[in-house]
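The sequence and the three-dimensional model are shown first.

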Amino acid sequence: MTPDLMEEGAKRREKILTKVESGKTESGGREAGFSRLATPGEVDLTHGRILYLEDVSVSFDGFKAINKLNLDIAPGELRCIIGPNGAGKTTMMDIITGKTRPDEGTVFFGSTIDLLRYKEAEIAQLGIGRKFQKPTVFEHLSVFENLELALKTDKGVKRSMLFKLDSAQGDRLADILHTIHLADSVSRLAGTLSHGQKQWLEIGMLLMQDPKLLLLDEPVAGMTDEETARTAELFLSLKGKHSLMVVEHDMSFIRTISDIVTVLCDGSVLAQGTLDQVQSDERVIEVYLGR
Ligand SMILES: Nc1ncnc2c1ncn2[C@@H]1O[C@H](COP(=O)(O)OP(=O)(O)OP(=O)(O)O)[C@@H](O)[C@H]1O
Ligand SMILES: [Mg+2]
């Protein structure tokens, strides 16, 4: 990396930290995009952001799980989210994917797509893939069939049975098999895979839909050290091609993959910066790391 780029990176981080203090996001919001014409199916990245959450709040029975949350991420970024249990990390993903509706605030995909106007299935179609903690592969189907099936989720049973991969999809499937380290297990039944391999298969199923943004909730929970290390490699290889938001409690995993880390606490951003910066932040130590 050139000294210029390093300097730019350092400035960007500094700016992010200052913005966190003031409760605003780094890009300063999406207002500048308001007058732009939206191209259907295209995510407007003109302002260097793929996801914006602004002043988002949600309460459950009077308890504010998300509280004036401001956060944005850049295209191709691998953003790590850490924070204590109950901080609102999963709820934030529920809001982005349309599973939970916020009481207040705005959530935009690029500068022009208002995610709050879409249903959960439509948000997935727009290019936001989500991985829950528990793997949800089809155990009685082969690795290949699971990946193939990922392309037909929007079709009825009959049409699914007649579905055939075209050559571009076949090539993508082959690429993904390598990416997820399952090229040698194409015809194995998913039920016979290890926990880690099932997680990779599910990530592969998400990748078949070529998502622009991937949300991954505790992806290495329950994995062996070796599987965790390979997952870190996998995520680093996805960075740049996709934008990723990764929630994890495993700090050594976060150390391997992270660039900017956001610390959530009580439903809003407590700190943001490199892992070293947030780990030396007194407030973060008090609420999370020092426990
Ligand atoms: N649908 C719901 N109904 C009621 N309360 C909820 C609901 N979803 C989340 N909560 C509450 O909101 C708070 C935030 O929960 P959330 O699951 O987002 O935390 P988290 O940061 O993902 O925690 P963890 O690290 O344990 O996964 C918790 O107190 C939780 O009990
Ligand atoms: Mg959670």
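Helix H2 is largely enclosed by the rest of the structure, because seven of its eight residues are buried. A residue counts as buried if 20 or more other C-beta atoms lie within 10 Å of its own, as exposed if 12 or fewer do, and as partly exposed in between, with C-beta atoms placed from the backbone. Helices (H or I, at least four residues) and strands (E, at least two) are DSSP runs numbered from the N terminus. The buried residues of H2 are Lys-89, Thr-91, Met-92, Met-93, Asp-94, Ile-95 and Ile-96. Just after H2, Gly-98 adopts a positive phi of about 80 degrees.

The model is predicted: local features need pLDDT of at least 70 and side-chain atom pairs count only at pLDDT 80 or more, whereas totals for chains, interfaces and linings use all residues. Residues are numbered from 1 along each chain as its sequence is written, while chains are lettered from A and ligands numbered from 1 in the order in which they are written.

H2 (residues 89-96) also supplies the largest share of the shell around ligand 1, namely three residues. That shell consists of Phe-60, Ala-65, Gly-83, Asn-85, Gly-86, Ala-87, Gly-88, Lys-89, Thr-90 and Thr-91; a residue is near a molecule if its C-beta atom, placed from the backbone, lies within 6 Å of it. By class, the shell has three nonpolar, six polar and one charged residues. Here Ala, Val, Leu, Ile, Met, Phe, Trp, Tyr, Cys and Pro count as nonpolar, Asp, Glu, Lys and Arg as charged, and the others, Gly among them, as polar.

Ile-96, Phe-109, Leu-201, Leu-215, Val-246, Ile-257 and Val-263 touch the most other members of the largest nonpolar core, which has 70 residues. Such a core is a set of buried Ala, Val, Leu, Ile, Met, Phe, Trp, Tyr and Cys residues joined through C-beta atoms within 7 Å. Ile-96 itself is in contact (C-beta atoms, placed from the backbone, within 7 Å) with Leu-51, Val-107, Leu-115, Ile-128 and Leu-215, leaving aside neighbours within four places in sequence.

Val-246, another of these core residues, lies in strand S8. All five residues of S8 (residues 243-247) are buried. Ser-243, Met-245 and Val-247 cover one face, and Leu-244 and Val-246 the other.

| Strand paired with S8 | Sense | Bridges |
|---|---|---|
| S3 (residues 78-82) | parallel | four bridges |
| S7 (residues 213-217) | parallel | five bridges |

Ile-81 stands opposite Val-247 in S8, and Leu-215 stands opposite Met-245. The chain passes from S7 through helix H8 (residues 225-238) to S8 in a right-handed β-α-β crossover; with the strands pointing away from the viewer, the path from the first strand over the helix to the second runs clockwise.

Val-246 counts as buried because it has 24 C-beta neighbours inside 10 Å. Beyond residues up to four places away in sequence, Val-246 touches Leu-78, Cys-80, Ile-81, Leu-216, Pro-219, Phe-235 and Ile-257.

His-140 is found in the loop between strand S6 (128-131) and helix H4 (143-149). With 9 C-beta neighbours inside 10 Å, His-140 counts as exposed. Not counting residues up to four places away in sequence, His-140 touches Leu-189 and Gly-191.

Terms used. Two strands pair if DSSP finds at least two bridges between them. Two residues are in contact if their C-beta atoms, placed from the backbone, lie within 7 Å.
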